[in-house]
Amino acid sequence: MKKSIFKKLRSIVGRKYCTDSETDLICYSYDATNLRYMPEVVVFPERMEEVAAIMRLATEERFPVIPRGAGTGMTGGALAIKGGVVLVLTRMNRILRTDADNMVAEVEPGVITGNFQKVVEAKGLFYPPDPSSAAYSTIGGNVAECAGGARAVKYGVTKDYVLGLSVVLPTGDCIHTGVETTKGVVGYDMTRLMVGSEGTLGVITKIVLRLLPLPETVCTMTAVFDHIEDAARAVSGIIRSGIIPRTLEYMDQSAIRCAESYLNIGLPVDAGAMLLIETDGPKEMAEMEISKLCALCLSYRARSVHKAKTPKEALDLWKARKAISPALFKLNPDKINEDIVVPRSKVPDLVKKIDDLRNKTGLTIVSFGHAGDGNIHFNIMLDKSKTSELKKANVAVETLFKYTVELGGTISGEHGVGITKLPFIRLEMSEAEIDLMRRIKKAFDPNNILNPGKIFLHA
Ligand SMILES: Cc1cc2nc3c(=O)[nH]c(=O)nc-3n(C[C@H](O)[C@H](O)[C@H](O)COP(=O)(O)OP(=O)(O)OC[C@H]3O[C@@H](n4cnc5c(N)ncnc54)[C@H](O)[C@@H]3O)c2cc1C
């Protein structure tokens with residue numbers, strides 16, 4: 001990048017917040033995919049006006065800008081695959097207001113999701129989206145990816161809580177989308193278009209979020225199964241039962257073993273699968289529902305069910321669930337992680353297919369996830385330097401993607417396309433649909449400078 005551009009960037013954000021030192025560039029060259037692309041410069045704006053000035057400069061000088069939150073993305077969305085400037089939004093981290101009367105909050109994109117949850121919960125309010133990365137990921141990143149998480153089965157995903165946005169367009173123009181009222185139908189729904197756009201249409205600089213009242217009680221239970229098919233059938237049975245659990249998480253045997261080896265908390269390592277289930281609401285109702293779900297799991301041949309007796313016990317179970325992802329690296333150095341979703345009645349078919357693939361290929365496949373909404377994360381743990389293993393894994397991924405689409409599902413429920421799923425989007429989208437998206441991208445970003453090369457090829 002030309003020295004003159006670097007100087008201008010420094011004059012916009014201040015010397016301290018614009019760097020091209022190799023150490024800094026390395027720190028912002030990766031995300032949770034383990035892929036690595038070096039940016040040329042990293043900037044840390046603090047205000048919307050600075051973001052706008054950076055985008056105007058990028059338009060003038062035609063360099064790529066890649067918005068970035070905490071870099072926990074699973075599909076390479078925040079990577080500088082074409083060099084340019086990584087725009088880190090973590091300094092824009094203020095909760096601007098929480099309005100209990102209207103049940104809304106306004107935040108900057110760099111607020112850490114878990115911190116925001118705690119702040120509103122202290123006021124008796126509830127922000128349900130809860131990606132397992134909530135302790136690190138930013139609300140801006142969650143909005144850009146339309147993050148899901150364990151509570152989606154009852155409460156939906158990030159898009160269901162975004163009322164409006166402030167956005168800096170690639171040209172440097174600023175727009176505001178949405179309304180704060182519970183209804184509003186003037187013009188196209190630009191908020192929905194922005195949510196999940198993976199940083200390709202605009203830089204989100206402010207977010208108005210819908211809140212709910214904090215549920216009075218949360219009850220937590222586990223159900224342990226000898227056979228994964230029974231656990232999967234229990235998931236479908238629970239969905240049909242009329243009780244909507246707050247969470248309905250699934251772990252196969254390898255996932256249970258990984259979590260146990262990481263935490264040593266006495267998880268049933270000989271089980272075929274385990275479900276982690278929660279209900280919430282008024283105390284009596286949540287307790288009655290969890291008892292009914294215990295009975296229901298037993299009727300699907302659970303070998304045991306257990307209700308958490310204390311909040312600490314429930315917390316430990318969640319620690320186990322959240323430890324799976326990092327613990328996987330004990331198995332092998334590399335991970336291919338896919339977050340496929342099928343209609344919930346098809347979870348047993350999907351789980352069986354994953355098991356068949358595991359047996360047929362001999363690959364180390366670990367599956368777990370938000371089974372209550374049909375979202376199973378399957379992870380192939382491998383050593384990518386072993387070419388034959390990598391080839392086998394890639395074939396397994398494609399086989400599973402095709403099967404998922406055949407079942408009426410989607411190849412990504414929450415991680416987005418980024419670069420890792422880009423080669424597969426034709427499995428579920430037609431040429432005409434991709435072409436329309438390309439034209440939308442062009443309308444927002446005529447010079448293709450904002451996060452180029454993500455989701456689909458833009459040219
Ligand atoms: C251990 C672990 C568990 C996870 N669990 C879940 C889960 O349960 N559910 C789930 O949905 N995801 C999960 N994820 C994935 C990831 O945490 C989410 O995609 C999250 O939303 C990314 O947020 P981030 O702040 O890290 O964004 P980044 O990774 O920095 O960026 C992600 C994308 O958003 C864009 N972006 C970021 N900020 C902005 C902005 N202000 N304006 C415009 N574009 C922006 C980037 O360009 C990029 O395309 C998990 C990840 C890890 C590592």
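Q: Starting with terms: a salt bridge is a side-chain nitrogen of Lys or Arg within 4 Å of a carboxyl oxygen of Asp or Glu. How many salt bridges does a search of the whole structure find?
A: The search turns up 31 salt bridges. Keep in mind that this is a predicted model, where local features need pLDDT of at least 70 and side-chain atom pairs count only at pLDDT 80 or more, while totals for chains, interfaces and linings use all residues. Residues are numbered from 1 along each chain as its sequence is written, and side-chain values use heavy atoms, with hydrogens and water left out.

Q: Ok, pick one. What does Arg94 form a salt bridge with?
A: Glu108, with the closest N and O atoms 2.9 Å apart. This pair links distant parts of the chain, 14 residues apart: Arg94 is in the loop between strand E4 (85-88) and strand E5 (95-99), and Glu108 is in the loop between strand E6 (104-107) and helix H4 (113-121). Helices (H or I, at least four residues) and strands (E, at least two) are DSSP runs, numbered from the N terminus.

Q: Is Glu108 buried or exposed?
A: Glu108 is buried, since its relative accessible area is 5%. The cut-offs are under 20% for buried, over 50% for exposed, and partly exposed in between (1.4 Å probe, protein chains only). Arg94 counts as partly exposed because its relative accessibility is 48%.

Q: And what about Arg301, which salt bridge does it form?
A: Arg301 pairs with Asp230, and the closest N and O atoms are 3.1 Å apart. Here 71 residues separate the partners: Arg301 sits in the loop between helix H10 (283-299) and strand E15 (302-307), whereas Asp230 belongs to helix H8 (residues 228-240). Arg301 counts as exposed because it has 53% relative accessibility, but Asp230 is buried, with a relative accessible area of 5%.

Q: How many bridges join E5 to E6?
A: There are 4, and the two strands run antiparallel. Strands pair if DSSP finds at least two bridges between them. Val107 in E6 is the bridge partner of Ile95. The hairpin of E5 and E6 has 4 residues between the strands, and Met103 takes a positive phi near 55° there.

Q: What stands opposite Glu106 in E10?
A: That would be Val208. E6 and strand E10 (residues 203-210) pair in the antiparallel sense over 4 bridges.

Q: Switching to the ligand: how many residues surround it?
A: The shell has 36 residues, and the closest are Pro67, Gly69, Thr72, Ser133 and Thr138. To be near, a residue needs a heavy atom within 4 Å.

Q: Which element gives the most to that shell?
A: H5, with 5 residues. Strand E3 (65-68), helix H5 (139-145) and E10 each supply at least two residues.

Q: Which polar side-chain atom lies 3.4 Å from an oxygen atom of the ligand?
A: One from His370. On the backbone side, a polar atom of Gly71 is 2.8 Å from a ligand oxygen, and a backbone N or O atom of Gly77 is 3.2 Å from an oxygen atom of the ligand.

Q: Last one: where does His377 lie?
A: His377 is in strand E18 (residues 375-382) and is buried, with a relative accessible area of 5%. Its side chain makes a polar contact of 3.1 Å with that of Glu414. A polar contact is a pair of N or O atoms within 3.5 Å; within protein, one must be able to donate a hydrogen and the other to accept it, and residues adjacent in sequence count only if both atoms are side-chain atoms.
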